[in-house]
Amino acid sequence: MDCARSGRALVLALALAFGAISPASPIEPSLDGAWVQDGSCDETFARAGKGISFKKPINVFAPALIITGNRLRTPTTSCTIKAMKPAGERRVLSLQCATAVAVEPVRALIGTSSDGSLVRYLNEQDSTGSSYKRCTL
């Protein structure tokens with residue numbers, strides 16, 4: 001009996017660790033969606049069933065991202081949002097990101113502007129950031 005219980009606990013832990021089961025999203029639902037810094041939404045994103053994906057062929061240099069639940073994707077990176085905590089008017093995201101060559105923890109600073117744009121900051125001293133507009137497809 002204890003062996004069966006231990007086996008189920010291990011399977012659950014592995015499923016959580018590898019994303020098969022996802023805990024509640026730490027990100028605000030208002031940030032879900034496709035975001036682009038420059039360029040056209042139609043040139044960067046495509047509808048994929050009920051979701052949004054990067055248009056193929058993917059422009060790996062496109063300053064764009066997709067936030068869905070506890071996932072944040074760029075053209076070259078897929079991240080799991082592990083935690084989000086407020087830092088004044090900004091939010092600090094703790095991410096676990098995977099590229100074609102590495103998996104590593106990443107810290108990101110984001111905020112929103114009065115016009116509804118998402119703003120990504122390089123660090124705490126960055127006062128202007130880079131603005132991303134929301135795309136609706």
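Begin with the lining of the largest pocket, whose residues divide into 22 nonpolar, 5 polar and 3 charged. The model on display is predicted.

**The pocket**

Next, colour the lining by secondary structure element. Strand 4, strand 7, strand 8 and strand 9 (118–121) each supply at least two lining residues. Strand 8 gives the most, with 6 residues.

**The chain as a whole**

Now display the entire chain as a cartoon. The secondary structure comprises 2 helices and 10 strands, and from the N terminus the elements follow the order α-β-α-β-β-β-β-β-β-β-β-β. The chain has 137 residues, of which 31% count as buried. Among contacts with a separation of 6 or more, 35% are between residues 24 or more positions apart.

Select strand 6 and strand 7 together. These strands run antiparallel and are joined by 9 bridges. Within this pairing, lysine 85 stands opposite valine 92 in strand 7. Then move to the turn: the hairpin of strand 6 and strand 7 has 2 residues between the strands, and glycine 88 takes a positive phi near 70° there.

**The partners of strand 10**

Centre the view on strand 10 (residues 130–135), which pairs with strand 1 (residues 33–36) in the antiparallel sense over 3 bridges. Alanine 34 stands opposite cysteine 135 in strand 10. Strand 9 pairs with strand 10 as well, in the antiparallel sense and over 3 bridges. In that pairing, leucine 118 stands opposite tyrosine 132 in strand 10.

Nonpolar side chains in soluble globular proteins tend to be buried together. Here the largest nonpolar core has 15 residues, and those with the most contacts inside it are Ile27, Ile67, Ile81, Leu93, Leu95 and Leu118. Two or more core residues come from each of strand 4 (64–68), strand 6 (78–87), strand 7 (90–98) and strand 8 (103–112). The largest share, 3 residues, comes from strand 7.

Which residues is isoleucine 67 in contact with, leaving aside its neighbours within four places in sequence? Show its surroundings in the viewer: the contacts are Ile27, Leu31, Asp32, Gly33, Trp35, Leu72 and Ile81.

A second, separate core has 9 residues and includes Val36, Ala64, Ile66 and Cys135. Cysteine 135 was visited above as the residue opposite alanine 34.

**Last stop: threonine 44**

Finally, select threonine 44 in helix 2 (residues 41–44). Is this residue buried or exposed? Threonine 44 has a relative accessible area of 12%, so it is buried, the cut-off being under 20%. Not counting residues up to four places away in sequence, threonine 44 touches Val36, Ser53, Phe54, Lys55, Ala62 and Ala64. Two of these residues, Val36 and Ala64, are included in the second core.

Conventions: Residues are numbered from 1 along each chain as its sequence is written. This is a predicted model: local features need pLDDT of at least 70, side-chain atom pairs count only at pLDDT 80 or more; totals for chains, interfaces and linings use all residues. Side-chain values use heavy atoms; hydrogens and water are left out. A nonpolar core is a set of buried Ala, Val, Leu, Ile, Met, Phe, Trp, Tyr and Cys residues joined through side-chain atoms within 4.5 Å. Buried means under 20% relative accessible area, exposed over 50%, partly exposed in between (1.4 Å probe, protein chains only). Helices (H or I, at least four residues) and strands (E, at least two) are DSSP runs, numbered from the N terminus. Contact means heavy atoms within 4.5 Å. Ala, Val, Leu, Ile, Met, Phe, Trp, Tyr, Cys and Pro count as nonpolar, Asp, Glu, Lys and Arg as charged, and the others, Gly among them, as polar. Two strands pair if DSSP finds at least two bridges between them.
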